[in-house]
Amino acid sequence: MNNSMFRDVSSCNTYNYGDSLYWDARYIQEAGSFDWYQRYSALRPFVRKFVPTSSRILMVGCGNAVMSEDMVKDEYEEIMNIDISTVAIDMMRRKHAHIPQLKYMQMDVRDMSVFPDDSFGSVIDKGTLDSLMCGTGASISASQMLGEVSRLLKPGGVYMLITYGDPNVRMPYLSRSVYNWKIELYIIPRPGFEGSAVASIKSSLEPIPMSENGDLPSDFALKDPDCHFIYICRKNPLKDE
Ligand SMILES: C[S@@+](CC[C@H](N)C(=O)[O-])C[C@H]1O[C@@H](n2cnc3c(N)ncnc32)[C@H](O)[C@@H]1O
């Protein structure tokens, strides 16, 4: 299994991560659970800081990850999980039928028109924009997805993107003014890496200064080349026109 794919587009080519058939086949083969990139325990400081436990949360591309279940154990009250894979959604719905805080719907993140504007206080994405960026029509898919995410977020709400995508690769997609959000970047080391991912910061909870197009400070030194990036996109609290 390849779990280190999306650093840039050239590493996408092995599998068709943008294709629902790929994911259905994979979830039929792997009926257990698997969390991409990071487990909830490592992400918890960020989730707890940026996502209120009472907020209505949309988990885009939930797959068969344990993340949402762990969040409910950590007092999160309502998580709507969506995925393009019918296999994953059916499996997860059955598995979590006894957990009323977890809801499941099969849906393409590029068209979430069943939800009205401003439906969610928070949107969490671990590896799903990355998958679309590996598919055909990556750029259009990413714009459709991010447009939908921005539409669904309440003013003041947060889109938390956990990704392998470097700022120079992701920021051109994220920083469009139509989305009406402010972006902060955090960097965490891959599981098992000792110490901070970045030489100049002591805590992962310190934001990394970054320009609109994803340029990092000139003295910036990444100690873990396989780190993960967390983008916190907070929608302008004033309702957009
Ligand atoms: C890299 S996996 C991440 C799964 C899970 N979030 C995790 O952290 O383990 C990407 C997920 O996105 C889903 N996906 C891919 N394209 C999608 C789309 N257009 N709409 C909704 N989900 C999609 C896949 O089915 C897969 O479950």
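This is a predicted model: local features need pLDDT of at least 70, side-chain atom pairs count only at pLDDT 80 or more; totals for chains, interfaces and linings use all residues.
Residues are numbered from 1 along each chain as its sequence is written, and side-chain values use heavy atoms, with hydrogens and water left out.

**Stop 1: around His228**

Stay on His228, which belongs to strand β7, residues 228–235. (Strands here are DSSP runs of E, at least two residues, and helices are runs of H or I, at least four residues, both numbered from the N terminus.) Is His228 buried or exposed? It is buried, with a relative accessible area of 1%; the cut-offs are under 20% for buried, over 50% for exposed and partly exposed in between, using a 1.4 Å probe and protein chains only. Now show what His228 touches: not counting residues up to four places away in sequence, the list includes Tyr37, Thr163, Tyr186 and Pro191. Contact here means heavy atoms within 4.5 Å.

**Stop 2: Tyr37**

From that list, pick Tyr37, in the loop between α1 and α2 (40–50). Check its backbone: phi is positive, about 70°, although Tyr37 is not a glycine. Tyr37 also counts as buried, at 4% relative accessibility.

**Stop 3: the ligand**

Next, select the ligand. Which residues come nearest? Of the 20 residues around the ligand, they are Tyr27, Gly61, Asp83, Val109 and Lys126, where a residue counts as near if one of its heavy atoms lies within 4 Å. Draw some distances. A ligand oxygen is 2.9 Å from a polar backbone atom of Trp36, and a ligand nitrogen is 2.9 Å from a polar backbone atom of Val109. For Lys126, look at the side chain instead: one of its N or O atoms is 2.7 Å from an oxygen of the ligand.

Taken alone, the ligand exposes 590 Å², and the protein buries 99% of that (areas by the Shrake-Rupley method with a 1.4 Å probe). Where does the ligand sit? In the largest cavity, a cavity being a set of points, on a 1 Å grid over the protein atoms alone, where a 1.4 Å probe fits but cannot get out. To count as sitting there, more than half of a molecule's atoms must lie within 2 Å of the grid points. Colour α1 (20–29) and α5 (128–133), the elements that give two or more residues to the shell around the ligand. The largest share, three residues, comes from α5.

**Stop 4**

Move to Ser122 in strand β4. Ser122 is buried at 1% relative accessibility, and its side chain makes a polar contact of 2.8 Å with the side chain of Ser55. Its other contacts beyond four places in sequence include Val51, Leu58, Leu153 and Val158. Then step to Asp118, in the loop between β3 (102–106) and β4 (120–126). Asp118 has a positive phi of about 55° and is not a glycine.

**Last stop: Phe220**

Finish at Phe220, in the loop between β6 (181–188) and β7. Beyond its neighbours within four places in sequence, Phe220 is in contact with Ile187, Val198 and Ile208. For a sense of scale, draw a C-alpha to C-alpha line from Phe220 to Ala138: they are 82 residues apart in sequence and 29 Å apart in space.

Technical notes:
A polar contact is a pair of N or O atoms within 3.5 Å; within protein, one must be able to donate a hydrogen and the other to accept it, and residues adjacent in sequence count only if both atoms are side-chain atoms. On a 1 Å grid over the protein atoms alone, a cavity is a set of points where a 1.4 Å probe fits but cannot get out, and a pocket is an open set with protein on both sides within 12 Å along at least five of seven lines; lining residues have an atom within 4 Å of a point.
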